[in-house]
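Subject: Structure handover

Hello,

The structure you asked for is below. My notes on it follow.

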Number of protein chains: 2
Amino acid sequence: MTIVRQPTRAGVRDAAAKVAAILPPTPLFFAEIKGVEVAFKAESLQPIGAFKIRGAWHRLTAIDESQRSKGVVAFSSGNHAQGVAWAARELGMPAVIVMPEDAPRVKRDSTLSLGAEVVGCDRGKGVREKIAAHLAHARGAVLVPSFDDAWVIEGQGSVGIEAEDQFEEFGLDDGIVHVVTPCGGGGLAAGLALALPDAAITVVEPEGWDDMRRSLEAGWIEEAADEAPPTACDSLQTRRVSQLTFDVLSRRSATGVAVAEAEIRTAQRWAAHNLRIVVEPGGAVAIAALLAGKVTPEEGMLVIVSGGNVDADAYAAVLGRDD
Amino acid sequence: MTIVRQPTRAGVRDAAAKVAAILPPTPLFFAEIKGVEVAFKAESLQPIGAFKIRGAWHRLTAIDESQRSKGVVAFSSGNHAQGVAWAARELGMPAVIVMPEDAPRVKRDSTLSLGAEVVGCDRGKGVREKIAAHLAHARGAVLVPSFDDAWVIEGQGSVGIEAEDQFEEFGLDDGIVHVVTPCGGGGLAAGLALALPDAAITVVEPEGWDDMRRSLEAGWIEEAADEAPPTACDSLQTRRVSQLTFDVLSRRSATGVAVAEAEIRTAQRWAAHNLRIVVEPGGAVAIAALLAGKVTPEEGMLVIVSGGNVDADAYAAVLGRDD
């Protein structure tokens with residue numbers, strides 16, 4: 001039996017210190033929704049446009065120096081890819097990313113421009129995981145999963161420590177009482193749950209891809225249906241969450257909600273107008289849950305805006321619509 | 001003869017300390033233009049979506065407490081309006097803003113939502129200044145000019161001190177060697193010139209509204225032509241700069257360039273794609289100057305992104321274009 005390393009709050013605090021040493025905090029914005037002022041953490045403004053830079057940095061810096069020359073391998077639709085590519089470049093390590101052929105161009109181009117090698121694959125069930133594992137084995141490289149990994153979960157959780165510090169700086173002494181976050185495989189959500197042990201946790205997914213919501217309700221992991229509907233949230237199309245992320249969230253009694261595609265577009269427009277930031281569909285689902293009345297805004301609420309990597313034409317089309 | 005208070009570097013430092021006590025620093029982003037990494041200061045991410053919050057805060061906090069109940073009056077197409085309204089609300093002062101009828105809806109709505117009274121006027125030569133002066137006299141209120149004022153110039157200059165500190169935090173020990181900034185009346189540009197005594201200064205204006213550029217070349221103040229062409233840069237349509245701002249920039253041998261409307265739209269799209277932020281036309285002119293090759297990017301360059309208040313439909317139209 002393999003002993004799987006479990007993510008811990010101490011690990012999240014360690015990750016937060018490592019991240020703070022290399023990346024300035026992302027802004028915390030305040031805006032009213034339904035008359036209540038809520039805090040928005042703009043991880044879309046990270047250098048790679050997403051929170052994934054945190055987990056990648058915490059994981060790659062934990063690789064023994066003697067192992068670094070063999071590099072890392074990751075599979076990702078794009079944001080984790082960029083995070084790993086960024087961290088590898090900073091550390092002078094080679095990186096290979098297995099990426100679905102239908103990933104947004106902007107994510108593929110950016111991964112390449114960060115110096116990583118990109119290998120294309122179909123978005124089929126388990127295909128990219130297998131290719132990545134094969135490549136890592138062949139090269140002696142470290143495989144860096146996008147969420148099913150204690151280091152990665154701890155790294156993503158650093159955003160919670162950073163936001164907590166910002167609440168203090170703003171004089172919000174009661175701290176974060178409820179965090180609402182986008183959820184794909186659950187790495188970010190689980191990290192936040194560890195970072196903020198006293199906060200309520202709500203995870204938000206696109207309709208049809210709300211397998212974490214269903215899993216938390218059922219008490220065991222349920223997969224997304226094979227016939228799950230199309231969604232603009234490329235970053236949240238995870239068919240199955242992991243035992244690590246599920247366990248952390250389940251122990252914290254996290255709950256989930258699902259939002260519709262039109263609600264997500266409304267949230268993207270709201271963010272452009274009210275926060276003056278560009279948000280990708282998957283990055284806007286937590287905002288969407290509040291705007292659609294599926295989560296009730298309250299004082300001390302932290303809403304995670306997780307990413308801003310969206311193709312220019314797709315984004316222009318969303319802003320030009322009125323739905 | 002009235003002695004006009006002159007803005008000073010000590011005043012800028014004082015303003016920077018006052019601003020830092022109430023507002024977190026705006027992000028400093030790095031991105032490559034023509035292969036050179038340049039820093040972008042996103043003042044569009046201030047709570048009111050523009051740097052004007054700085055000058056307003058420095059000016060209003062300098063008003064004697066016994067005078068505060070009589071309030072303030074300002075004239076502005078919108079960003080200064082919001083800055084004054086925000087500062088007045090923080091200090092519990094009444095504020096009246098004289099605003100042209102054709103100001104962007106988003107700026108008008110936001111000024112109202114900050115609790116200010118808005119008085120409409122035509123965008124005619126000198127009209128709003130006269131209305132504002134009359135209102136201030138009638139109420140015993142303090143008139144807060146948008147750029148022709150030592151306090152306001154010093155306040156805007158605080159962005160230079162803040163950026164300099166960020167350069168240090170990023171380990172850029174050579175500091176800011178050249179600052180490129182949008183210019184309307186020149187308050188921001190003059191403030192930056194005082195804040196950064198060793199940096200070269202380039203001011204950027206829309207074509208036809210490049211009266212600061214022409215003034216700096218001529219050695220005396222030249223006005224914009226009566227038949228100046230239409231521009232999307234509502235925040236930079238200043239017919240005549242002031243002696244205070246001109247003198248500071250002239251002494252520092254600042255120079256100017258003008259950018260075309262299509263170049264400004266390209267810069268707005270570039271910022272959405274590369275910095276993931278929403279920028280108004282007037283806020284994008286310095287980026288435009290670099291992208292259009294009118295200013296050569298160099299190491300140690302600071303590019304000011306001054307504002308992000310743009311009507312949703314106008315912004316969607318810019319992103320949907322391809323010019």
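In strand β10 of chain B, Val303(B) is the bridge partner of Val180(B). That contact belongs to a set of three bridges that join β7(B) to β10(B) (residues 301–305), and the two strands run parallel. Strands are DSSP runs of E of at least two residues, helices are runs of H or I of at least four, and both are numbered from the N terminus. Two strands count as paired if DSSP finds at least two bridges between them.

Before the rest, the conventions. This is a predicted model, in which local features need pLDDT of at least 70 and side-chain atom pairs count only at pLDDT 80 or more, while totals for chains, interfaces and linings use all residues. Residues are numbered from 1 along each chain as its sequence is written, chains are lettered from A and ligands numbered from 1 in the order in which they are written, and side-chain values use heavy atoms, with hydrogens and water left out.

β7(B) also pairs with β8(B) (residues 200–206), in the parallel sense and over five bridges; there Thr181(B) has Val203(B) as its bridge partner. With helix α7 (residues 187–195) of chain B between them in the naming, β7(B) and β8(B) make a right-handed β-α-β unit (with the strands pointing away from the viewer, the path from the first strand over the helix to the second runs clockwise).

Five of the five residues of β7(B) (residues 178–182) are buried, that is, under 20% relative accessible area with a 1.4 Å probe and protein chains only. His178(B), Val180(B) and Pro182(B) lie on one side, Val179(B) and Thr181(B) on the other.

In chain A, nine of the nine residues of helix α2 (residues 52–60) are buried, so the helix is largely enclosed by the rest of the structure. Trp57(A) and Arg59(A) are among them. The buried residues of α2(A) pack against α1, β2, β3, α3, β6 and α6 of chain A, with contact meaning heavy atoms within 4.5 Å.

Chain A can be laid on chain B by a turn of 180° and a shift of 0.0 Å along the axis, with an RMSD of 0.0 Å (least squares on the C-alpha atoms of residues with pLDDT of at least 70 in both). The two copies are thus related as by a two-fold rotation axis. Ile277(A) comes closest to that axis of the residues of chain A, at 2.2 Å (C-alpha).

Regards

Terms used: Buried means under 20% relative accessible area, exposed over 50%, partly exposed in between (1.4 Å probe, protein chains only).
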